[in-house]
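Here are a few exercises to work through with the structure open beside you. Try each one on your own before you read the solution.

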Amino acid sequence: VREKICGNWQSAEAGPDVLVYKEGEHYKVTLFRRSGVRRRLKPETYLLQREENGNLYMNTGFRIDVAYNEETDVLTFSPNGDYIRVNMEDASDGEKKEGQ
């Protein structure tokens, strides 16, 4: 499952943008949070871990469960809500491609 969720994700609510990627043997999640008076972008990276039963989670100081719905291509961070995939091709050329 982890290889299927690699990519850029955008919050359906108002959470930070997220990047999921593989680095060596590990999968990582980077949250792009804005903080401080100037709302400066402050990336925070966490290890995406998998329990023996297959459940995904990350530890940010507290546990955040990660679930992926393959049918709808929605990533859910509990308690941060749903994330939809950002297709970088669409963002760069501005055209929706057929069948996506």
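**Exercise 1.** Is Arg33 buried, partly exposed or exposed?

*Solution.* Keep in mind that this is a predicted model. Start with the relative accessible area of Arg33, which is 33%. Buried means under 20% and exposed means over 50%, so Arg33 counts as partly exposed. Next, look for its partner: Arg33 makes a salt bridge with Glu44, at 3.8 Å from N to O. Arg33 sits in strand E3 (residues 26–35) and Glu44 in strand E4 (residues 40–50), 11 residues apart.

**Exercise 2.** Find the residues that are linked with Arg63 in a network of salt bridges.

*Solution.* Step one: check Glu51. Its salt bridge with Arg63 has the closest N and O atoms 3.0 Å apart. Arg63 belongs to strand E6, while Glu51 is in the loop between E4 and strand E5 (56–59), so this pair ties together parts 12 residues apart in sequence. Step two: check Asp65, which also bridges to Arg63, with 2.8 Å between the closest N and O atoms. Put together, Glu51, Arg63 and Asp65 form the network.

Now the accessibility: Arg63 is partly exposed at 38%, Glu51 is partly exposed at 27%, and Asp65 is partly exposed at 32%. One more thing about Arg63: its charged end sits over the ring of Tyr57, 4.3 Å from the ring centre.

**Exercise 3.** How many aromatic pairs are there, and how are the rings of Trp9 and Tyr68 arranged?

*Solution.* The count is two. Take Trp9 and Tyr68: their ring centres are 6.2 Å apart and their planes meet at 80°. Planes over 60 degrees apart count as edge-to-face, so that is what this pair is. Trp9 lies in strand E1 and Tyr68 in strand E6 (residues 63–69), so the pair joins parts 59 residues apart in sequence. With a relative accessible area of 1%, Trp9 is buried.

Phe77 and Tyr83 also pair edge-to-face, with 5.1 Å from centre to centre and 80° between the planes. Phe77 is buried at 3%, and Tyr83 is buried at 1%.

**Exercise 4.** Which residues does Val1 contact, leaving aside its neighbours within four places in sequence?

*Solution.* First locate Val1: it is in the segment before strand E1 (7–11). Its contacts are then Leu56 and Tyr68. Val1 and Leu56 are 55 residues apart along the chain, and their C-alpha atoms are separated by 9.3 Å. As for accessibility, Val1 has a relative accessible area of 53%, so Val1 is exposed.

Conventions: Residues numbered from 1 in each chain as written. Predicted model: local features only at pLDDT ≥ 70, side-chain atom pairs only at ≥ 80, totals over all residues. Heavy atoms only, no water. Helix = DSSP H or I, 4+ residues; strand = E, 2+ residues; numbered from the N terminus. Buried < 20%, exposed > 50% of the residue type's maximum accessible area, 1.4 Å probe, protein only. Contact = heavy atoms within 4.5 Å. Phe/Tyr/Trp six-rings, centres within 6.5 Å; stacked < 30°, edge-to-face > 60°. Lys NZ or Arg CZ within 6 Å of the ring centre and 35° of its normal. Salt bridge = Lys/Arg side-chain N within 4 Å of Asp/Glu carboxyl O.
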